Amino acid sequence: KKKKFLKSKMDRYLEQIIEKYKGKKNIDGFCILDDAGLLIAESGLPSKKASYISSLVKRAKLMGATIPVISIDTSNHHILIKHKDKLTVAIYKQKVDVRGEHDEDDDVYS
């Protein structure tokens, strides 16, 4: 017999994030960190940047943010970082074109 394990709210949230962003054409990578800044899941680019992401979230909390949302623009990516339900998610989106067009997936935390 297979044992059934009940999934926690965090497990379901984690699965939802991975399913939503893994393999998307405009997403170059994502990483998910726990409260301690440890890498839980990743795909694509971010692996060496996890400690920086965790540090940014901690600093945002010190500034009074209860659910920190951080947006960073680089030459190649738009990085969206959010801490919610004891998880930090960083999404590396490809830059939009110069006309500012984007798709409906711009709200990565819906």
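Helix H1 (residues 9–21) consists of 13 residues and reaches 19 Å from its first C-alpha to its last, close to the 18 Å expected at 1.5 Å a residue; the expected span is 1.5 Å times one less than the number of residues. Helices (H or I, at least four residues) and strands (E, at least two) are DSSP runs, numbered from the N terminus. This is a predicted model, in which local features need pLDDT of at least 70 and side-chain atom pairs count only at pLDDT 80 or more, while totals for chains, interfaces and linings use all residues. Residues are numbered from 1 along each chain as its sequence is written, and side-chain values use heavy atoms, with hydrogens and water left out.

**Helix H1**

- Tyr13, Leu14, Ile17 and Tyr21 of H1 are buried, where buried means under 20% relative accessible area, exposed over 50% and partly exposed in between (1.4 Å probe, protein chains only).
- Seen down the axis of H1, these buried residues fall within an arc of 100°, so they line one face of the helix; the arc is that of the directions from the helix axis to the C-beta atoms.
- The buried residues of H1 pack against S1, S2, S4 and S5, contact meaning heavy atoms within 4.5 Å.

- Five strands form an open sheet in the order S2-S1-S5-S4-S3, with antiparallel pairing; two strands pair if DSSP finds at least two bridges between them.
- Strand S2 (39–44) and strand S3 (69–73) stand at the edges with a single partner strand each, so one side of each is left without a neighbour in the sheet.
- From one strand to the next, the twist averages 10°; axes are lines fitted to C-alpha atoms, for helices over the stretch in contact, and angles run from 0 to 180 degrees between N-to-C directions.
- Strand S1 (residues 27–34) and strand S5 (residues 87–94) run antiparallel and are joined by seven bridges.
- Helix H2 (residues 50–62) packs on the sheet, where it touches S1, S2, S3, strand S4 (77–84) and S5. The direction of H2 makes about 60° with that of S4.

**Helix H2**

- The 13 residues of H2 should span 18 Å at 1.5 Å a residue, and its end C-alpha atoms are 19 Å apart, which agrees.
- Ala50, Ile53, Ser54, Val57 and Ala60 are buried in H2.
- Viewed down the axis of H2, its buried residues fall within an arc of 125°, so they line one face of the helix.
- The exposed residues Tyr52, Arg59 and Leu62 are carried on the face of H2 turned away from its buried side.
- The buried residues of H2 pack against S1, S2, S3, S4 and S5.

**Two buried strand residues**

- Cysteine 31 lies in strand S1 and stands opposite alanine 90 in S5.
- Cysteine 31 counts as buried, at 1% relative accessibility.
- Cysteine 31 and isoleucine 81 are 50 residues apart along the chain, and their C-alpha atoms are separated by 9.5 Å.
- Threonine 88 has its place in strand S5 and counts as buried, at 4% relative accessibility.
- The side chain of threonine 88 makes a polar contact with the side chain of histidine 83 (2.7 Å). A polar contact is a pair of N or O atoms within 3.5 Å; within protein, one must be able to donate a hydrogen and the other to accept it, and residues adjacent in sequence count only if both atoms are side-chain atoms.
- Not counting residues up to four places away in sequence, threonine 88 touches Cys31, Ile32, Leu33, Ile53, Val57, Ile81, Lys82 and His83.
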